[in-house]
Amino acid sequence: MTENTFPIFSLDAIVNFYRTEILSGQEAKHFTKSDLAPVPKAEAVQTLYMRVLHILYRFRPECHSMVPVLENIQYPTYYEAATAIMSVYVRMRQFLPMCLVYDFSLNDLLFPKKQKTLTVLSGIMNFLNFRKQRMDMILEKQSKCRSDLDKLQAYNRNIKDAEKKIDILTTIPPEQQAEANELAAALAELQTSTMHEYQEVNVINDAITELKTRIAEKTQKLAQLKVDISNLKEDITKIKSQIVESPEELKSQMEKMRENVKNIKSCIKQTDERVVELQNIVQSVTHTEAEILQKYSLLQDLESSMNNGKKRQEENQELTAQYEKSQKELKNLYAEQTQLKRALGMKLDKESKQNIRRQKKKEMKEQHVQDVMGQCNQIHQKREAMSDRIQEISRETQQLKAKIQSLRDVCSEETKKAQALYDILSISMDELHKRIEANFMDLKQDITKMSASF
């Protein structure tokens with residue numbers, strides 16, 4: 001017991017633990033330190049062990065004193081005191097190895113000692129604390145498993161709702177299919193018409209740029225002509241001041257000047273006509289720009305509708321991503337469920353194997369108990385025969401005593417002989433009692449050996 005793997009608790013801690021956790025009612029009130037120290041009481045220790053077995057195996061304390069019903073048992077009342085102690089002893093021998101206590105004997109029940117009982121009770125206390133922790137952990141795992149199952153059901157419901165929404169969003173109702181087809185056709189026509197109009201506008205813009213370049217060139221030419229005319233006027237004024245004008249030259253110059261003016265007027269008319277044409281083109285361009293703006297507004301509306309469609313597609317994609325994530329989580333949860341089922345199956349197999357082994361052990365124990373009970377019956381029969389003999393001898397001694405009392409005064413020698421016979425008979429009775437006690441101790445040792453072997 002010096003090499004224990006569990007801590008040995010103090011007497012106060014053991015008493016408080018067993019009063020709060022094991023005992024209840026009047027037993028808890030009456031259980032004190034004096035029941036364990038300085039000399040433990042056998043009844044208190046036995047009740048503690050019975051209560052521990054009742055908490056762990058649901059084996060009630062009343063069941064320990066129940067004698068098994070057999071046909072060959074005579075006088076079952078003789079077995080009631082021994083069966084309770086023997087059943088507690090056998091079950092404690094089965095239970096205490098789980099508490100890492102291996103040297104439990106029958107004297108620990110009948111004549112318990114302080115240090116041994118404290119070590120056994122501390123081992124049971126350590127086992128019960130370990131059992132409580134494991135039960136709490138198992139309850140937490142069960143609650144987590146239940147919450148995971150609830151989440152799984154919620155995820156399945158959300159997935160079904162999302163699938164329904166996706167079906168609703170992807171499928172167009174038959175009432176709106178015709179409108180959708182018309183809108184698609186109108187969109188295609190608008191796209192084709194806008195493409196043609198964009199091409200025409202680009203052509204018109206190219207023509208406008210060419211006209212602008214031409215107008216810029218002509219304006220430059222007009223500016224140069226104006227500069228040349230101003231220079232010519234200045235030259236004419238200088239020449240007029242220097243030279244006396246002849247009428248013929250003046251006429252020729254005037255004709256030239258008139259021709260130049262006519263040419264300039266014709267150029268101005270052409271430019272005016274060209275400007276009018278350009279103004280008409282610009283007006284047509286403004287009209288086309290207004291139409292293009294209207295079509296652009298329509299295109300913006302279409303783009304907004306397309307953006308809404310894209311948003312819905314993105315929402316669908318997000319929903320599909322969530323669906324895939326939930327499917328992955330479902331797969332993980334299914335894998336965990338399969339693992340848990342496998343673990344449960346392994347545990348159930350182990351439990352079934354253990355139950356089979358326990359049943360075999362119980363059958364072996366029952367057979368052994370039947371054999372021991374048969375031996376006990378034989379011993380009781382012998383004991384009854386010896387008790388009958390002793391009763392007969394006691395009767396004879398009483399008769400002898402009566403004769404001795406009647407013949408005491410007459411024959412002292414006969415009284416001495418009777419006294420000698422009485423001494424011999426008492427010695428034989430003592431020897432018989434010693435033999436019976438020796439047989440009973442041998443039986444106890446055989447029972448302890450058999451329980452140890454089991």
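The loop between helix 2, residues 26–30, and helix 3, residues 42–57, contains P38. The peptide bond that joins A37 to P38 is cis, with omega at about -5 degrees. Keep in mind that this is a predicted model.

L100 is not a glycine, yet its phi is positive, at about 65 degrees.

Now the helix packing, starting with helix 1 and helix 6. Helix 1 covers residues 11–22 and helix 6 covers residues 114–170. Their axes are 11 Å apart, and the packing angle is about 50 degrees. The crossing of helix 1 past helix 6 is left-handed.

Which residues make this contact? On helix 1 they are L11, A13, I14, F17, Y18, E21 and I22, and on helix 6 they are L118, L121, I124, M125, L128, N129 and K132. By class, the contact of helix 1 with helix 6 has 11 nonpolar residues, one polar and two charged.

Helix 1 also packs against helix 3. Here the axes come within 11 Å and cross at roughly 45 degrees. Helix 1 and helix 3 are therefore oblique to each other, and their crossing is left-handed. From helix 1 the contact takes Y18, E21 and I22, and from helix 3 it takes L48, R51, V52 and I55. Sorted by class, the residues between helix 1 and helix 3 are five nonpolar, no polar and two charged.

Y18, E21 and I22 came up in both lists: they touch helix 6 and they touch helix 3.

Last, the cysteines. How many disulfides does the structure hold? The count is zero. For reference, a disulfide is a covalent bond between the sulfur atoms of two cysteines. Is C99 buried or exposed? With a relative accessibility of 3%, C99 counts as buried, because the cut-off for buried is under 20%. C145, at a relative accessible area of 30%, is partly exposed.

That is the end of my part, and I will take questions.

Notes:
Residues are numbered from 1 along each chain as its sequence is written. This is a predicted model: local features need pLDDT of at least 70, side-chain atom pairs count only at pLDDT 80 or more; totals for chains, interfaces and linings use all residues. Side-chain values use heavy atoms; hydrogens and water are left out. A disulfide is a pair of cysteine sulfur atoms within 2.5 Å. Buried means under 20% relative accessible area, exposed over 50%, partly exposed in between (1.4 Å probe, protein chains only). Axes are lines fitted to C-alpha atoms, for helices over the stretch in contact, and angles run from 0 to 180 degrees between N-to-C directions. Helices (H or I, at least four residues) and strands (E, at least two) are DSSP runs, numbered from the N terminus. A crossing is left-handed if the near helix is turned anticlockwise from the far one by less than a right angle, and right-handed if clockwise. Contact means heavy atoms within 4.5 Å. Ala, Val, Leu, Ile, Met, Phe, Trp, Tyr, Cys and Pro count as nonpolar, Asp, Glu, Lys and Arg as charged, and the others, Gly among them, as polar. Angles under 35 degrees count as roughly parallel, over 145 as roughly antiparallel, 65 to 115 as roughly perpendicular and the rest as oblique.
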